Amino acid sequence: MFQERGVFPWLTVKGNIAFGLFRLSAKERAERIAHYVKLVGLSGFENAYPQELSGGMKQRLEVARALAVNPDVLFLDEPFGALDSITRLVMRSELLRIRRAEKKTILFVTHDIDESVQLADRVVVMSNRPAIIRRIVDIDMPHPRDLSAPRYIELRDLLLEEIGLAHKI
Amino acid sequence: MPTRSDLERFLLPLGTAALAVLVWALAVRFSHTNVFPSPLGVLLGLKELAGKGVLGHYVGDSLRRVATGYFLALALGIPAGLALGWHPSLASAFNPIIQMARPISPLAWMPLAILWFGVSEAGPGFLIFLGAFFPIVVASMNGVRSVPSMYLQAGRNFGLSTPRLLARVVFPAALPQILVGLRIALGIAWIVVVAAEMIAVDSGLGYLIIDSRNAGKRYDLVVAGMLLIGVIGLVLDTLARRLERLRTVRWGFQGESA
(Lines give C-alpha, C1' and ligand atoms only; values in the text may rest on other atoms or scores of the structure.)
Protein backbone atom coordinates (compact mmCIF):
# COMPACT_ATOMS: atom_id res chain seq x y z
CA MET A 1 0.00 0.00 0.00
CA PHE A 2 1.21 3.41 -0.87
CA GLN A 3 0.83 6.90 0.41
CA GLU A 4 -0.50 8.11 -2.93
CA ARG A 5 -3.73 6.49 -3.96
CA GLY A 6 -2.86 3.12 -5.43
CA VAL A 7 -6.44 2.01 -6.08
CA PHE A 8 -7.09 1.39 -9.76
CA PRO A 9 -9.37 4.12 -11.11
CA TRP A 10 -10.58 1.92 -13.99
CA LEU A 11 -12.06 -0.66 -11.62
CA THR A 12 -15.05 -0.45 -9.31
CA VAL A 13 -14.78 -1.04 -5.57
CA LYS A 14 -15.63 -4.68 -6.24
CA GLY A 15 -13.16 -4.88 -9.11
CA ASN A 16 -10.36 -3.43 -7.00
CA ILE A 17 -10.93 -5.89 -4.16
CA ALA A 18 -11.14 -8.76 -6.67
CA PHE A 19 -7.91 -7.66 -8.36
CA GLY A 20 -5.57 -10.01 -6.52
CA LEU A 21 -8.06 -12.86 -6.34
CA PHE A 22 -7.65 -14.20 -9.87
CA ARG A 23 -6.57 -17.62 -8.63
CA LEU A 24 -9.78 -18.20 -6.67
CA SER A 25 -13.02 -19.73 -7.93
CA ALA A 26 -15.85 -17.34 -8.74
CA LYS A 27 -17.73 -18.38 -5.62
CA GLU A 28 -14.82 -17.88 -3.26
CA ARG A 29 -14.03 -14.59 -4.90
CA ALA A 30 -17.57 -13.30 -4.41
CA GLU A 31 -17.43 -14.30 -0.74
CA ARG A 32 -14.12 -12.56 -0.18
CA ILE A 33 -15.36 -9.40 -1.89
CA ALA A 34 -18.55 -9.33 0.18
CA HIS A 35 -16.57 -9.88 3.39
CA TYR A 36 -14.06 -7.11 2.78
CA VAL A 37 -16.55 -4.60 1.41
CA LYS A 38 -18.40 -4.97 4.68
CA LEU A 39 -15.28 -5.00 6.84
CA VAL A 40 -14.05 -1.65 5.57
CA GLY A 41 -17.52 -0.12 5.58
CA LEU A 42 -18.02 0.31 1.84
CA SER A 43 -21.37 -1.51 1.66
CA GLY A 44 -23.56 0.17 -0.93
CA PHE A 45 -20.52 1.36 -2.90
CA GLU A 46 -19.62 -2.00 -4.47
CA ASN A 47 -20.13 -0.68 -8.00
CA ALA A 48 -18.79 2.82 -7.42
CA TYR A 49 -15.59 3.95 -9.12
CA PRO A 50 -12.74 5.41 -7.02
CA GLN A 51 -13.29 8.95 -8.31
CA GLU A 52 -16.75 8.80 -6.74
CA LEU A 53 -15.25 8.02 -3.30
CA SER A 54 -13.78 10.31 -0.66
CA GLY A 55 -10.11 10.14 0.32
CA GLY A 56 -10.82 8.07 3.41
CA MET A 57 -13.00 5.67 1.44
CA LYS A 58 -10.26 5.19 -1.15
CA GLN A 59 -7.81 4.42 1.63
CA ARG A 60 -10.19 1.87 3.12
CA LEU A 61 -10.64 0.35 -0.32
CA GLU A 62 -6.88 0.00 -0.63
CA VAL A 63 -6.72 -1.73 2.75
CA ALA A 64 -9.52 -4.07 1.64
CA ARG A 65 -7.75 -4.87 -1.63
CA ALA A 66 -4.54 -5.68 0.23
CA LEU A 67 -6.28 -7.77 2.92
CA ALA A 68 -8.40 -9.72 0.42
CA VAL A 69 -5.40 -11.75 -0.77
CA ASN A 70 -4.81 -12.81 2.84
CA PRO A 71 -1.20 -11.64 3.17
CA ASP A 72 1.08 -12.69 6.03
CA VAL A 73 1.91 -9.07 6.75
CA LEU A 74 0.01 -5.97 5.71
CA PHE A 75 2.52 -3.31 4.74
CA LEU A 76 1.25 0.27 4.96
CA ASP A 77 3.57 3.04 3.83
CA GLU A 78 2.29 6.33 5.24
CA PRO A 79 -1.24 5.44 4.23
CA PHE A 80 -2.97 8.38 5.89
CA GLY A 81 -0.46 11.07 4.99
CA ALA A 82 -2.64 12.64 2.32
CA LEU A 83 -5.84 12.76 4.39
CA ASP A 84 -7.17 15.69 6.37
CA SER A 85 -6.55 15.51 10.10
CA ILE A 86 -10.09 14.53 11.12
CA THR A 87 -10.31 11.77 8.52
CA ARG A 88 -6.87 10.63 9.60
CA LEU A 89 -8.05 10.16 13.21
CA VAL A 90 -11.13 8.26 12.05
CA MET A 91 -8.99 6.07 9.81
CA ARG A 92 -6.66 5.21 12.68
CA SER A 93 -9.48 3.82 14.79
CA GLU A 94 -10.88 2.08 11.71
CA LEU A 95 -7.50 0.43 11.15
CA LEU A 96 -7.39 -0.77 14.76
CA ARG A 97 -10.91 -2.19 14.39
CA ILE A 98 -9.93 -3.98 11.17
CA ARG A 99 -6.81 -5.35 12.82
CA ARG A 100 -8.87 -6.73 15.71
CA ALA A 101 -11.24 -8.39 13.24
CA GLU A 102 -8.58 -9.80 10.92
CA LYS A 103 -5.78 -10.46 13.41
CA LYS A 104 -3.08 -9.39 10.97
CA THR A 105 0.45 -8.24 11.58
CA ILE A 106 0.74 -4.73 10.20
CA LEU A 107 3.98 -3.00 9.32
CA PHE A 108 3.13 0.68 9.32
CA VAL A 109 5.55 3.37 8.14
CA THR A 110 4.87 6.87 9.39
CA HIS A 111 6.57 10.18 10.07
CA ASP A 112 3.93 11.06 12.63
CA ILE A 113 5.08 10.32 16.20
CA ASP A 114 1.54 10.58 17.59
CA GLU A 115 0.28 8.17 14.98
CA SER A 116 2.90 5.64 15.99
CA VAL A 117 2.06 5.88 19.70
CA GLN A 118 -1.65 5.65 18.99
CA LEU A 119 -1.47 2.59 16.75
CA ALA A 120 1.60 0.51 17.45
CA ASP A 121 2.43 -2.35 19.76
CA ARG A 122 6.06 -1.67 18.98
CA VAL A 123 7.70 1.37 17.46
CA VAL A 124 10.94 0.94 15.55
CA VAL A 125 12.75 4.29 15.24
CA MET A 126 14.80 4.51 12.04
CA SER A 127 17.58 6.93 11.34
CA ASN A 128 17.88 8.94 8.19
CA ARG A 129 20.68 7.90 5.83
CA PRO A 130 21.87 5.31 6.52
CA ALA A 131 18.44 3.91 7.42
CA ILE A 132 19.31 1.84 10.44
CA ILE A 133 17.32 1.00 13.55
CA ARG A 134 18.06 3.48 16.33
CA ARG A 135 15.74 2.17 18.94
CA ILE A 136 12.81 -0.16 19.51
CA VAL A 137 10.11 1.03 21.93
CA ASP A 138 7.27 -1.18 23.12
CA ILE A 139 4.03 0.72 23.59
CA ASP A 140 2.66 -0.89 26.74
CA MET A 141 -0.79 0.67 26.64
CA PRO A 142 -4.06 -1.19 26.13
CA HIS A 143 -6.58 -0.15 23.48
CA PRO A 144 -8.51 2.11 23.38
CA ARG A 145 -5.68 4.43 24.27
CA ASP A 146 -6.19 7.59 26.24
CA LEU A 147 -4.39 10.34 24.36
CA SER A 148 -4.14 12.49 27.50
CA ALA A 149 -2.79 9.75 29.76
CA PRO A 150 0.58 10.49 31.37
CA ARG A 151 1.99 7.26 29.88
CA TYR A 152 0.96 8.35 26.37
CA ILE A 153 2.69 11.72 26.77
CA GLU A 154 5.72 10.02 28.25
CA LEU A 155 6.09 7.58 25.33
CA ARG A 156 5.51 10.32 22.80
CA ASP A 157 8.17 12.52 24.38
CA LEU A 158 10.56 9.60 24.53
CA LEU A 159 10.18 9.07 20.78
CA LEU A 160 10.42 12.77 20.01
CA GLU A 161 13.64 12.90 21.96
CA GLU A 162 14.95 9.85 20.17
CA ILE A 163 14.58 11.50 16.78
CA GLY A 164 16.09 14.68 18.21
CA LEU A 165 13.10 16.99 18.21
CA ALA A 166 12.60 19.46 21.04
CA HIS A 167 9.39 19.50 23.06
CA LYS A 168 8.67 23.08 22.27
CA ILE A 169 8.05 24.93 19.07
CA MET B 1 -38.88 24.28 -20.62
CA PRO B 2 -35.54 24.57 -22.44
CA THR B 3 -32.72 25.59 -20.15
CA ARG B 4 -30.03 28.08 -20.97
CA SER B 5 -27.50 25.32 -21.57
CA ASP B 6 -29.90 23.55 -24.00
CA LEU B 7 -30.22 26.81 -25.89
CA GLU B 8 -26.47 27.19 -26.01
CA ARG B 9 -25.74 23.64 -26.98
CA PHE B 10 -28.29 23.20 -29.75
CA LEU B 11 -29.95 26.42 -30.81
CA LEU B 12 -26.80 28.51 -30.91
CA PRO B 13 -24.86 26.24 -33.31
CA LEU B 14 -27.99 25.62 -35.41
CA GLY B 15 -28.60 29.35 -35.62
CA THR B 16 -25.02 29.98 -36.67
CA ALA B 17 -25.23 27.27 -39.32
CA ALA B 18 -28.48 28.73 -40.66
CA LEU B 19 -26.85 32.16 -40.81
CA ALA B 20 -23.86 30.74 -42.68
CA VAL B 21 -26.17 29.11 -45.26
CA LEU B 22 -28.02 32.41 -45.64
CA VAL B 23 -24.78 34.34 -46.20
CA TRP B 24 -23.71 31.67 -48.68
CA ALA B 25 -27.01 31.93 -50.60
CA LEU B 26 -26.91 35.73 -50.70
CA ALA B 27 -23.24 35.77 -51.74
CA VAL B 28 -23.93 33.42 -54.65
CA ARG B 29 -27.00 35.41 -55.73
CA PHE B 30 -25.44 38.87 -55.65
CA SER B 31 -22.05 37.91 -57.09
CA HIS B 32 -23.77 36.22 -60.09
CA THR B 33 -21.07 33.57 -59.97
CA ASN B 34 -21.55 30.53 -62.16
CA VAL B 35 -18.72 28.39 -60.75
CA PHE B 36 -19.91 28.19 -57.16
CA PRO B 37 -23.30 26.57 -56.50
CA SER B 38 -26.02 27.96 -54.26
CA PRO B 39 -27.24 25.98 -51.23
CA LEU B 40 -30.37 25.07 -53.18
CA GLY B 41 -28.22 23.89 -56.10
CA VAL B 42 -26.25 21.64 -53.76
CA LEU B 43 -29.46 20.28 -52.27
CA LEU B 44 -30.78 19.50 -55.77
CA GLY B 45 -27.43 17.89 -56.56
CA LEU B 46 -27.76 15.66 -53.51
CA LYS B 47 -31.29 14.77 -54.58
CA GLU B 48 -30.05 13.90 -58.05
CA LEU B 49 -27.35 11.63 -56.58
CA ALA B 50 -29.87 9.98 -54.28
CA GLY B 51 -32.22 9.54 -57.27
CA LYS B 52 -29.48 7.77 -59.22
CA GLY B 53 -28.99 5.50 -56.24
CA VAL B 54 -25.27 6.29 -55.87
CA LEU B 55 -25.39 8.44 -52.73
CA GLY B 56 -25.81 5.70 -50.14
CA HIS B 57 -23.51 3.44 -52.08
CA TYR B 58 -20.74 6.10 -52.21
CA VAL B 59 -21.05 6.91 -48.51
CA GLY B 60 -21.02 3.20 -47.71
CA ASP B 61 -17.93 2.58 -49.84
CA SER B 62 -16.01 5.46 -48.24
CA LEU B 63 -16.95 4.31 -44.74
CA ARG B 64 -15.98 0.74 -45.57
CA ARG B 65 -12.54 1.81 -46.85
CA VAL B 66 -11.94 3.96 -43.79
CA ALA B 67 -13.06 1.12 -41.54
CA THR B 68 -10.70 -1.35 -43.24
CA GLY B 69 -7.61 0.87 -43.07
CA TYR B 70 -8.50 2.19 -39.62
CA PHE B 71 -9.11 -1.16 -37.94
CA LEU B 72 -5.95 -2.55 -39.49
CA ALA B 73 -4.06 0.43 -38.04
CA LEU B 74 -5.75 -0.16 -34.68
CA ALA B 75 -5.02 -3.90 -34.66
CA LEU B 76 -1.32 -3.34 -35.43
CA GLY B 77 -0.83 0.08 -33.84
CA ILE B 78 -2.02 -0.67 -30.30
CA PRO B 79 0.15 -3.78 -29.77
CA ALA B 80 3.11 -2.00 -31.39
CA GLY B 81 2.61 1.06 -29.19
CA LEU B 82 2.25 -1.08 -26.04
CA ALA B 83 5.47 -2.94 -26.87
CA LEU B 84 7.36 0.29 -27.58
CA GLY B 85 6.07 1.90 -24.41
CA TRP B 86 6.94 -1.13 -22.31
CA HIS B 87 10.46 -1.79 -23.62
CA PRO B 88 12.57 1.39 -23.56
CA SER B 89 15.23 -0.26 -25.72
CA LEU B 90 12.64 -1.03 -28.41
CA ALA B 91 11.50 2.59 -28.29
CA SER B 92 15.09 3.83 -28.58
CA ALA B 93 15.56 1.62 -31.62
CA PHE B 94 12.34 2.43 -33.46
CA ASN B 95 11.27 5.86 -32.27
CA PRO B 96 13.50 7.82 -34.69
CA ILE B 97 12.07 5.89 -37.65
CA ILE B 98 8.53 6.43 -36.39
CA GLN B 99 9.05 10.12 -35.79
CA MET B 100 10.55 10.46 -39.25
CA ALA B 101 7.81 8.50 -41.03
CA ARG B 102 5.04 10.27 -39.11
CA PRO B 103 5.21 13.70 -40.75
CA ILE B 104 5.21 12.20 -44.27
CA SER B 105 1.69 12.78 -45.51
CA PRO B 106 -0.08 9.63 -46.70
CA LEU B 107 -0.61 11.55 -49.94
CA ALA B 108 3.14 11.39 -50.57
CA TRP B 109 2.77 7.63 -50.70
CA MET B 110 0.21 7.80 -53.52
CA PRO B 111 2.61 7.11 -56.41
CA LEU B 112 4.06 4.13 -54.56
CA ALA B 113 0.62 2.91 -53.55
CA ILE B 114 -0.46 2.93 -57.19
CA LEU B 115 2.73 1.12 -58.20
CA TRP B 116 2.40 -1.54 -55.52
CA PHE B 117 -1.32 -2.14 -55.42
CA GLY B 118 -2.45 -1.09 -58.91
CA VAL B 119 -6.15 -0.77 -59.51
CA SER B 120 -7.51 -2.34 -56.34
CA GLU B 121 -9.07 -1.54 -53.01
CA ALA B 122 -5.72 -2.14 -51.34
CA GLY B 123 -4.25 1.20 -52.47
CA PRO B 124 -6.75 3.47 -50.68
CA GLY B 125 -6.78 1.08 -47.73
CA PHE B 126 -3.00 1.37 -47.46
CA LEU B 127 -3.10 5.19 -47.48
CA ILE B 128 -5.80 5.30 -44.79
CA PHE B 129 -3.84 2.77 -42.75
CA LEU B 130 -0.73 4.97 -42.94
CA GLY B 131 -2.69 8.02 -41.84
CA ALA B 132 -4.19 6.27 -38.82
CA PHE B 133 -1.30 4.02 -37.78
CA PHE B 134 1.19 6.57 -36.45
CA PRO B 135 -1.12 8.56 -34.15
CA ILE B 136 -2.30 5.25 -32.65
CA VAL B 137 1.23 3.93 -32.12
CA VAL B 138 2.48 7.16 -30.59
CA ALA B 139 -0.54 7.59 -28.29
CA SER B 140 -0.29 3.97 -27.12
CA MET B 141 3.45 4.27 -26.51
CA ASN B 142 3.10 7.51 -24.54
CA GLY B 143 0.11 6.09 -22.70
CA VAL B 144 2.15 3.14 -21.45
CA ARG B 145 5.12 5.33 -20.58
CA SER B 146 3.05 7.62 -18.41
CA VAL B 147 1.39 4.86 -16.37
CA PRO B 148 2.19 5.86 -12.75
CA SER B 149 4.73 3.46 -11.28
CA MET B 150 2.59 2.93 -8.19
CA TYR B 151 0.03 1.06 -10.34
CA LEU B 152 2.79 -1.21 -11.63
CA GLN B 153 4.09 -1.79 -8.10
CA ALA B 154 0.59 -2.53 -6.87
CA GLY B 155 0.10 -5.01 -9.72
CA ARG B 156 3.41 -6.69 -9.00
CA ASN B 157 2.55 -6.88 -5.28
CA PHE B 158 -0.35 -9.13 -6.20
CA GLY B 159 2.01 -11.49 -8.01
CA LEU B 160 0.96 -10.67 -11.56
CA SER B 161 3.11 -12.06 -14.35
CA THR B 162 4.22 -9.59 -17.02
CA PRO B 163 1.51 -10.57 -19.57
CA ARG B 164 -1.15 -10.29 -16.85
CA LEU B 165 0.31 -6.99 -15.68
CA LEU B 166 0.15 -5.65 -19.23
CA ALA B 167 -3.44 -6.77 -19.71
CA ARG B 168 -4.82 -5.85 -16.32
CA VAL B 169 -2.83 -2.77 -15.29
CA VAL B 170 -0.79 -1.24 -18.11
CA PHE B 171 -3.47 -1.39 -20.80
CA PRO B 172 -6.38 -0.06 -18.70
CA ALA B 173 -4.13 2.62 -17.19
CA ALA B 174 -3.04 3.74 -20.66
CA LEU B 175 -6.49 3.42 -22.22
CA PRO B 176 -7.60 7.06 -21.83
CA GLN B 177 -4.53 8.22 -23.76
CA ILE B 178 -4.97 5.44 -26.31
CA LEU B 179 -8.56 6.57 -26.89
CA VAL B 180 -7.38 10.11 -27.59
CA GLY B 181 -5.01 8.67 -30.19
CA LEU B 182 -7.83 6.58 -31.69
CA ARG B 183 -10.03 9.65 -32.03
CA ILE B 184 -7.29 11.69 -33.71
CA ALA B 185 -6.51 8.75 -36.00
CA LEU B 186 -10.16 8.40 -37.00
CA GLY B 187 -10.25 12.06 -37.99
CA ILE B 188 -7.10 11.68 -40.07
CA ALA B 189 -8.37 8.47 -41.69
CA TRP B 190 -11.51 10.28 -42.79
CA ILE B 191 -9.49 13.19 -44.18
CA VAL B 192 -7.25 10.80 -46.11
CA VAL B 193 -10.16 8.87 -47.67
CA VAL B 194 -10.87 11.72 -50.09
CA ALA B 195 -7.36 11.68 -51.50
CA ALA B 196 -7.20 7.89 -51.34
CA GLU B 197 -10.30 7.62 -53.52
CA MET B 198 -8.73 9.79 -56.14
CA ILE B 199 -6.61 6.77 -57.07
CA ALA B 200 -7.64 3.40 -58.34
CA VAL B 201 -11.33 3.36 -57.39
CA ASP B 202 -14.58 4.48 -59.00
CA SER B 203 -16.86 4.99 -56.02
CA GLY B 204 -16.90 6.87 -52.75
CA LEU B 205 -17.12 10.52 -51.72
CA GLY B 206 -13.55 11.35 -52.79
CA TYR B 207 -14.27 9.83 -56.18
CA LEU B 208 -17.53 11.79 -56.34
CA ILE B 209 -15.66 15.06 -55.93
CA ILE B 210 -12.93 14.39 -58.47
CA ASP B 211 -15.34 12.75 -60.93
CA SER B 212 -17.89 15.59 -60.71
CA ARG B 213 -15.19 18.09 -61.59
CA ASN B 214 -13.70 16.02 -64.39
CA ALA B 215 -16.98 14.95 -65.94
CA GLY B 216 -18.61 18.28 -66.70
CA LYS B 217 -17.54 20.67 -63.96
CA ARG B 218 -20.48 19.84 -61.71
CA TYR B 219 -19.47 22.09 -58.82
CA ASP B 220 -22.84 21.55 -57.15
CA LEU B 221 -21.87 17.90 -56.73
CA VAL B 222 -18.34 18.82 -55.66
CA VAL B 223 -19.72 20.95 -52.82
CA ALA B 224 -22.33 18.30 -52.01
CA GLY B 225 -19.48 15.80 -51.60
CA MET B 226 -17.58 18.22 -49.39
CA LEU B 227 -20.57 18.81 -47.15
CA LEU B 228 -21.26 15.09 -46.84
CA ILE B 229 -17.65 14.49 -45.81
CA GLY B 230 -17.90 17.24 -43.21
CA VAL B 231 -21.15 15.98 -41.73
CA ILE B 232 -20.00 12.36 -41.59
CA GLY B 233 -16.69 13.47 -40.05
CA LEU B 234 -18.60 15.31 -37.35
CA VAL B 235 -20.71 12.21 -36.65
CA LEU B 236 -17.60 10.00 -36.43
CA ASP B 237 -15.90 12.38 -34.03
CA THR B 238 -19.00 12.59 -31.86
CA LEU B 239 -19.17 8.79 -31.69
CA ALA B 240 -15.46 8.59 -30.81
CA ARG B 241 -15.96 11.17 -28.07
CA ARG B 242 -18.75 9.03 -26.64
CA LEU B 243 -16.14 6.36 -25.87
CA GLU B 244 -14.39 8.81 -23.54
CA ARG B 245 -17.45 8.84 -21.33
CA LEU B 246 -17.31 5.09 -20.62
CA ARG B 247 -16.99 4.56 -16.91
CA THR B 248 -13.76 2.58 -17.11
CA VAL B 249 -11.92 5.47 -18.80
CA ARG B 250 -13.77 8.52 -17.52
CA TRP B 251 -11.22 8.99 -14.70
CA GLY B 252 -8.64 9.85 -17.34
CA PHE B 253 -10.69 12.73 -18.76
CA GLN B 254 -11.60 14.51 -15.57
CA GLY B 255 -11.13 18.23 -15.48
CA GLU B 256 -11.57 18.43 -19.25
CA SER B 257 -14.59 20.16 -20.66
CA ALA B 258 -17.03 17.87 -22.41
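Colleague: In H3(A), which residues are buried?
Modeller: This is a predicted model, in which local features need pLDDT of at least 70, side-chain atom pairs count only at pLDDT 80 or more, and totals for chains, interfaces and linings use all residues. Residues are numbered from 1 along each chain as its sequence is written, with chains lettered from A and ligands numbered from 1 in the order written. A residue is buried if 20 or more other C-beta atoms, placed from the backbone, lie within 10 Å of its own. The buried ones in H3(A) are A:Lys58, A:Gln59, A:Arg60, A:Leu61, A:Glu62, A:Val63, A:Ala64, A:Arg65, A:Ala66, A:Leu67 and A:Ala68.

Colleague: How many residues of H3(A) are buried?
Modeller: Helices are DSSP runs of H or I with at least four residues, strands are E runs of at least two, and both are numbered from the N terminus. H3(A) is mostly covered. The buried count is eleven of its 14 residues.

Colleague: What covers those buried residues of H3(A)?
Modeller: One partner can be followed residue by residue: A:Ala64 touches A:Ile17, A:Tyr36, A:Val37, A:Leu39, A:Val40 and A:Leu42, leaving out residues up to four places away in sequence. Contact means C-beta atoms, placed from the backbone, within 7 Å. The cover of H3(A) includes helix H1 (13-18), helix H2 (26-39), strand S1 (73-77) and helix H4 (85-102) of chain A.

Colleague: How far does helix H3 of chain A reach from its first C-alpha to its last?
Modeller: The helix runs over residues 55-68. The expected span is 1.5 Å times one less than the number of residues. For H3 of chain A that expectation is 20 Å, and the computed reach is close to it, at 20 Å.

Colleague: Which residue with a positive phi follows H3(A)?
Modeller: Its phi is near 55°. The residue is A:Asn70.

Terms used:
Contact = placed C-beta atoms within 7 Å. Buried ≥ 20, exposed ≤ 12 C-beta atoms within 10 Å, placed from the backbone.
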